[in-house]
Each structure stands twice: as structure tokens, then as C-alpha cells.
Amino acid sequence: MSPTTPSKLPIARQPIWTSDGRLFGNEFLYRSRDGLPAQVDRWRSDRQDIATASVLDVLFGDGPPGDTNPAFVNVTRSFVVNERPLPGHAGRLVLEIVESVTADDAVLGGLSRLRQRGYRIAIDDFAAEPDQVAMLPYADFVKIDVRDVERLGPQIVQLARRNGAVLVAERVWNHRLVDECVALGFELLQGDVLGPAVTLVA
């Protein structure tokens with residue numbers, strides 16, 4: 001390998017803010033070798049596994065120094081049911097369960113074990129699908145796309161908070177939506193108007 005060739009793929013970071021404007025944490029995202037979004041959610045599950053492993057390796061191997069804020073990372077079924085290893089940074093790592101994960105007994109048991117080990121759980125792109133609803137008792141955070149709030153109505157917000165999870169509004173792209181999400185009771189906000197995903201330079 002050439003000395004100028006990076007040994008690890010780049011990742012991107014997008015901030016997550018409290019409703020009163022304080023930085024809470026960051027979501028870390030897979031990027032292609034040229035630093036661009038790769039539409040990982042359209043990949044086969046085995047390729048998504050590799051993308052997640054790559055992000056975790058960069059972030060907890062030699063990730064951004066001095067960053068102790070919560071780190072949200074998308075994870076697939078394999079990481080929930082212990083088919084793939086997770087780093088031992090339980091106090092910082094928030095596992096975002098992607099929407100393709102089904103809530104079978106192995107997954108629900110895995111979520112319970114992960115929480116007992118100190119990992120925090122987020123349900124990503126919550127749209128009140130039955131599998132997502134079944135995971136709510138294990139969720140520390142529930143992330144909702146603002147487009148789904150507009151599509152499904154404010155009742156999705158009430159459903160998401162019924163087990164006490166902290167609610168995160170995703171894809172907040174203008175200041176009107178910031179105000180609306182705060183009025184609906186979202187504790188955390190994420191979106192381009194508050195800070196776009198930026199690829200980190202190694």
C-alpha cells in the first residue's frame with residue numbers, strides 16, 4: 001500500500017443538538033473512498049455489516065481525539081445478535097438500529113443484553129412499523145424523520161415517547177421545522193439547517 005493511500009475509509013460527522021442549542025452528540029456515517037455518501041441503506045445486509053464495521057473501526061480505533069460526546073452509529077442485525085463484535089466503548093456509543101432489522105426473539109434478547117452491558121439504543125427512522133414498536137421498550141432514543149411527522153401526524157411522536165425514550169427529530173432542514181419540532185416536544189434535533197454531515201479528513 002502506498003504511504004499516501006489511507007488504510008481506512010473516511011467517515012462523516014453530523015451534529016445532534018439539544019432543543020435549547022447545546023451540542024449533545026454526533027452521528028457518524030459511512031462514506032465511500034472519495035468521501036461521498038454511498039446510499040448504504042440500499043445495500044444488501046452483508047455489505048451494510050461491512051460499512052458499520054468500517055465506521056466503528058475508524059471511530060473507536062483512532063477516531064477524532066478528545067471527542068467524548070455520544071456517538072450515534074447505524075448498526076445492523078449482526079451487531080445486535082452478537083454475530084459481529086462491538087467496541088468496548090459502551091459509555092459513549094449509541095447503537096442506531098436500522099429500519100431493516102426485524103424484532104424477532106434473537107434481536108429483542110440482543111437489545112436487552114446490550115443495554116445491560118451499558119450500550120445505549122436508538123431506533124432509527126421510526127415510522128411506527130410493528131417491528132419498531134416492539135423495540136420501543138429497549139430504546140433510549142427514538143429518531144423520527146420530520147417528513148414522517150408530516151405524513152403520519154403528531155400521534156407518532158406520542159407513540160415514540162410512550163416508554164420514556166428521548167426523541168430526536170431527523171432531517172430538520174429549515175428554521176420553521178426547528179420551531180415545530182421543539183413545540184412537539186423533541187428533545188434533540190438533527191439536520192442540515194443545524195449542521196450538515198461533514199466528511200472527516202484523516
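## Valine 81

Valine 81 counts as buried, because its relative accessibility is 16% and the cut-off for buried is under 20%. The model described here is a predicted one. Valine 81 sits in the loop that runs between helix 2 and strand 4.

Apart from neighbours within four places in sequence, valine 81 is in contact with Ala106 and Val107. Leucine 111 lies 30 residues away from valine 81 along the chain, and the C-alpha atoms of these two residues are separated by 8.0 Å.

## Helix 3

Helix 3 covers residues 105–116. With 12 residues at 1.5 Å a residue, helix 3 should span 16 Å, and the 17 Å between its end C-alpha atoms agrees with this. The buried residues of helix 3 are Val107, Leu108, Gly110, Leu111 and Leu114. They cover an arc of only 160 degrees around the axis, so they are on the same side of helix 3. On the other side of helix 3, Asp105 and Gln116 are exposed.

The partners of the buried residues of helix 3 are helix 2 (77–80), strand 4 (93–97), strand 5 (120–123) and helix 4 (130–135), against which they pack. The N-terminal end of helix 3 is capped by aspartate 104, which has a side-chain oxygen 3.2 Å from the backbone nitrogen of alanine 106. Just after helix 3, glycine 118 has a positive phi of about 100 degrees.

## Nonpolar cores

In soluble globular proteins, nonpolar side chains tend to be buried together. In this model the largest nonpolar core has 52 residues. Leu95, Ile97, Phe126, Met135, Val142 and Phe186 are those with the most contacts inside this core. Helix 1 (residues 45–62) supplies the largest share of the core, six residues. A second, separate core has seven residues, among them Ile16, Val94, Ala122 and Leu188.

What is phenylalanine 126 in contact with, leaving aside its neighbours within four places in sequence? The residues in contact with phenylalanine 126 are Gln132, Val133, Leu136, Val142, Lys143, Ile144, Asp148, Ile156, Leu159 and Ala160. One of these, Val142, is also listed with those that have the most contacts inside the largest core.

## Aromatic pairs

A search of the whole structure finds three aromatic pairs. Phenylalanine 24 and phenylalanine 141 form an edge-to-face pair, at 5.8 Å centre to centre and with 65 degrees between the planes. Phenylalanine 24 belongs to strand 2 (residues 23–30) and phenylalanine 141 to strand 6 (residues 141–145), so this pair ties together parts that are 117 residues apart in sequence. Phenylalanine 24 counts as partly exposed, at 22% relative accessibility, whereas phenylalanine 141 is buried, with a relative accessible area of 4%.

Phenylalanine 72 and phenylalanine 141 also form an edge-to-face pair, at 5.1 Å centre to centre and with 65 degrees between the planes. Because phenylalanine 72 lies in strand 3 (residues 71–75) and phenylalanine 141 in strand 6, the pair ties together parts that are 69 residues apart in sequence. Phenylalanine 72 and phenylalanine 141 are both buried. Ring pairs link Phe24, Phe72 and Phe141 into a cluster.

Technical notes
Residues are numbered from 1 along each chain as its sequence is written. This is a predicted model: local features need pLDDT of at least 70, side-chain atom pairs count only at pLDDT 80 or more; totals for chains, interfaces and linings use all residues. Side-chain values use heavy atoms; hydrogens and water are left out. A nonpolar core is a set of buried Ala, Val, Leu, Ile, Met, Phe, Trp, Tyr and Cys residues joined through side-chain atoms within 4.5 Å. Buried means under 20% relative accessible area, exposed over 50%, partly exposed in between (1.4 Å probe, protein chains only). Helices (H or I, at least four residues) and strands (E, at least two) are DSSP runs, numbered from the N terminus. Contact means heavy atoms within 4.5 Å. Rings of Phe, Tyr and Trp (its six-membered ring) pair if their centres lie within 6.5 Å; planes under 30 degrees apart count as stacked, over 60 as edge-to-face and the rest as tilted. The expected span of a helix is 1.5 Å times one less than its number of residues. The arc is that of the directions from the helix axis to the C-beta atoms. A polar contact is a pair of N or O atoms within 3.5 Å; within protein, one must be able to donate a hydrogen and the other to accept it, and residues adjacent in sequence count only if both atoms are side-chain atoms.
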